[in-house]
Amino acid sequence: MNDDDSLVGLGGFFFLMSFLSIGGATTALPDIYREFVEVNRWISGQEFAALIAISQAAPGPNAIYASLLGWRVAGIPGALVATIGLCGPSSVGMFYVHRFWGRFKGARWRTVVQRGLAPVAIGIVLASGYILVRNATPDWTSLTVATIAVGIALSTRINFVWILLGAAILGIIGIV
């Protein structure tokens with residue numbers, strides 16, 4: 001995938017995904033997974049999960065995953081096209097929506113829309129998590145460690161970096 005038509009297709013795909021990013025850039029992951037892994041077979045499910053994990057562990061915005069996926073498929077031009085495709089339209093759109101939204105601060109319909117979008121965003125985030133866990137945990141040991149890590153994160157105030165470090169140590173010593 002190095003020709004100009006492919007870059008246009010990659011940019012167009014991420015352009016469309018930018019409008020599905022209700023609740024954040026990671027909400028588009030189920031559709032991006034389907035396109036990259038199942039439809040085009042550009043990368044494996046495990047590689048997809050690894051790239052997403054790297055992007056989420058890196059400092060900066062969580063949309064870094066678009067850069068990594070674009071880079072993996074089409075090098076530096078792919079990274080630039082994917083990032084601009086995902087971030088550009090939604091950033092411009094939010095600029096105008098924010099200006100419009102502010103005019104209706106006390107309106108009842110605004111509250112209804114916000115409350116209606118919350119479960120949509122939560123559902124899409126859960127779908128993203130499901131896809132990542134399904135592809136990042138190839139065996140029962142990995143799935144068990146991931147489940148315990150989520151349980152610890154949800155039930156304690158332990159910084160998630162320590163949980164990740166603990167899981168990494170389990171991986172280094174060969175348990176996972």
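**Pocket and helix packing**

The largest pocket holds about 1,200 Å³ of space. Pockets come from a 1 Å grid over the protein atoms alone: a cavity is a set of points where a 1.4 Å probe fits but cannot get out, a pocket is an open set with protein on both sides within 12 Å along at least five of seven lines, and lining residues have an atom within 4 Å of a point. Grid points are joined across faces, edges and corners, and the volume is the space filled by probe spheres set on the points. The model is predicted: local features need pLDDT of at least 70 and side-chain atom pairs count only at pLDDT 80 or more, while totals for chains, interfaces and linings use all residues. Residues are numbered from 1 along each chain as its sequence is written, and side-chain values use heavy atoms, with hydrogens and water left out.

Lining the largest pocket are 28 residues, and A53, V133, A146, F160 and L164 lie nearest its centre. Two or more lining residues come from each of helix 3 (45-57), helix 5 (108-136), helix 6 and helix 7; helices (H or I, at least four residues) are DSSP runs numbered from the N terminus. The lining has 22 nonpolar, 6 polar and no charged residues, where Ala, Val, Leu, Ile, Met, Phe, Trp, Tyr, Cys and Pro count as nonpolar, Asp, Glu, Lys and Arg as charged, and the others, Gly among them, as polar.

Helix 6 (residues 140-155) packs on helix 7 (residues 160-172) at about 160 degrees, with the axes 10 Å apart. This makes the two helices roughly antiparallel (over 145 degrees; under 35 is roughly parallel, 65 to 115 roughly perpendicular and the rest oblique). Axes are lines fitted to C-alpha atoms over the stretch in contact, and angles run from 0 to 180 degrees between N-to-C directions. V145, A149, I152 and A153 of helix 6 make the contact with F160, I163, A167 and L170 of helix 7, contact meaning heavy atoms within 4.5 Å. These residues comprise 8 nonpolar, no polar and no charged.

Helix 3 and helix 4 pack at about 140 degrees, their axes 8 Å apart, and are therefore oblique to each other. From helix 3, E47, F48, L51, I52, I54, S55 and Q56 meet I64, Y65, L68, L69 and R72 of helix 4. That contact divides into 8 nonpolar, 2 polar and 2 charged residues.

Helix 4 (residues 64-102) also crosses helix 5, at roughly 135 degrees, with axes coming within 11 Å. Here F100, W101 and G102 of helix 4 meet W109, R110, V113 and Q114 of helix 5.
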